[in-house]
Amino acid sequence: MELRDIEIFLTLAGELHFGRTAELLRVSPARITQAIKKQERQIGAPLFERTTRTVRLTPLGRQLRDDLSPVHAGLQDGIRRARLAARGATAVLRVGMMSINAHDLRPYWDTFRARHPGYRMQVQHASFVDPFAGLRGGDLDALICWLPVEEPDLTVGPVLFADTRVLAVAADHELTRRSSVSLETLADFQHSDAPSRPDYWAEGFVPSHTRSGHLIERGPLVRNAEEILTLASVGEIVNLFPAHMRRYWARPDIVYLPVRDVEALRYAVVWRTEAENEVIRAFARVVADLGPLSL
């Protein structure tokens, strides 16, 4: 098989849909069908069972998928490392951030690059929806997220910073008559919620109850901060945030009120235990050596 045909087979084996596979690979459905028929002729047996409604792997197809997946991953990794070497780098560290204060964390980035000129660093946004999927899927090497993280397959490294809390409300909200609010205030208003997240982890960001036991009501599901702020700006919700939101996401239709009686939110570096390598350890050492930043 040619490399492109392997990619077509493995993508179809994952999607089990010719149209989606063609869309993902940016080719025509006819090209997918042609490649699979060619592979089946070369092997001498069907790889997929196809009906008008379903596509399923045959036992032989499952065997081929299991055999080819690590080979394909190894080829991709080899190509990636060759590209890095061509640019004078030996490895890349992909860091996802759930906070938006990348500029505050420049001391970590700069120190890592200065200590390890052969390593490249890519810093990118990470979603709070299904928060650890990037690590588990291999799209991220390290994740900067709030604590606690109690996943058995993840390692929690050193803390980068802790931030006080603010409440985002509409500019004309009744709470703007106050200079600050307490956690008890949250029980009087609806808060946002997010899909596909561990309950304990969401609790770390927004408690389910106030200290006196009043329920903090979760409302509409959101997938990013822009959706949260849009709902807050029209008065549908209020929302807790780390205080750096005031500096990095100021809006004329949003007021951020300090919250007096909720503990600071701590952010740490987290990685998948089985994927730990020297590059991840090097970054963790930098964070530990510099210690938590004072924001």
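Contact is taken here to mean heavy atoms within 4.5 Å. In this predicted model, Phe 241 is in contact, leaving aside its neighbours within four places in sequence, with Thr 164, Arg 165, Val 166, Ala 168, Phe 205, Ile 228, Leu 229 and Tyr 256. Phe 241 also belongs to the largest nonpolar core, a set of 71 residues in which Phe 112, Leu 167, Phe 241 and Phe 283 have the most contacts. The largest share of this core, seven residues, is supplied by H10. In soluble globular proteins, nonpolar side chains tend to be buried together.

An open sheet of three strands is found in the order E10-E7-E11, and its pairing is antiparallel. Strand E10 (239-242) and strand E11 (254-258) each have a single partner strand and stand at the edges, so that one side of each is left without a neighbour in the sheet. From one strand to the next, the twist averages 40°. Strand E7 (residues 165-170) is joined to E10 by four bridges, the two strands running antiparallel, and Leu 167 has Leu 240 as its bridge partner in E10. Helix H8 (residues 225-233) packs on this sheet and touches E7, E10 and E11, with a direction that makes about 55° with that of E7. Arg 165, one of the residues in contact with Phe 241, lies over the face of Phe 205 at 5.2 Å from the ring centre.

Aromatic pairs, for which ring centres must lie within 6.5 Å and planes under 30 degrees apart count as stacked, come to a count of eight. In the pair formed by Trp 109 and Phe 283, the ring centres are 6.2 Å apart and the planes are at 15°, so the pair is stacked. This pair links distant parts of the chain, since Trp 109 is in helix H5 (residues 106-115) and Phe 283 is in helix H10 (residues 278-290), 174 residues apart. Both Trp 109 and Phe 283 are buried. The rings of Phe 161 and Tyr 267 are likewise stacked, because their centres are 4.7 Å apart and their planes are at 15°. Phe 161 lies in strand E6 (residues 154-163) and Tyr 267 in strand E12 (residues 265-272), so this pair ties together parts that are 106 residues apart in sequence; Phe 161 and Tyr 267 are both buried. One aromatic cluster is formed by Trp 109, Phe 112, Tyr 119 and Phe 283, and two of its members, Phe 112 and Phe 283, are also listed among the residues with the most contacts inside the largest nonpolar core.

Backbone geometry was examined as well. Most residues other than glycine have a negative phi, and most peptide bonds are trans. The peptide bond from Leu 147 to Pro 148, however, is cis, with omega near 10°, and Pro 148 lies in the loop between strand E5 (142-146) and E6. Leu 16, although not a glycine, has a positive phi of about 55°; Leu 16 is in the loop between helix H1 (3-15) and helix H2 (18-25) and is partly exposed, with a relative accessible area of 33%. Arg 26, which is not a glycine either, has a positive phi of about 60°. The loop between H2 and helix H3 (29-43) holds Arg 26, and this residue is exposed, with a relative accessible area of 78%.

Methods: Residues numbered from 1 in each chain as written. Predicted model: local features only at pLDDT ≥ 70, side-chain atom pairs only at ≥ 80, totals over all residues. Heavy atoms only, no water. Phe/Tyr/Trp six-rings, centres within 6.5 Å; stacked < 30°, edge-to-face > 60°. Buried < 20%, exposed > 50% of the residue type's maximum accessible area, 1.4 Å probe, protein only. Lys NZ or Arg CZ within 6 Å of the ring centre and 35° of its normal. Pairing = 2+ DSSP bridges. Axes fitted to C-alpha atoms, helices over the stretch in contact; angles between N-to-C directions. Core = buried A, V, L, I, M, F, W, Y, C linked by side-chain atoms within 4.5 Å.
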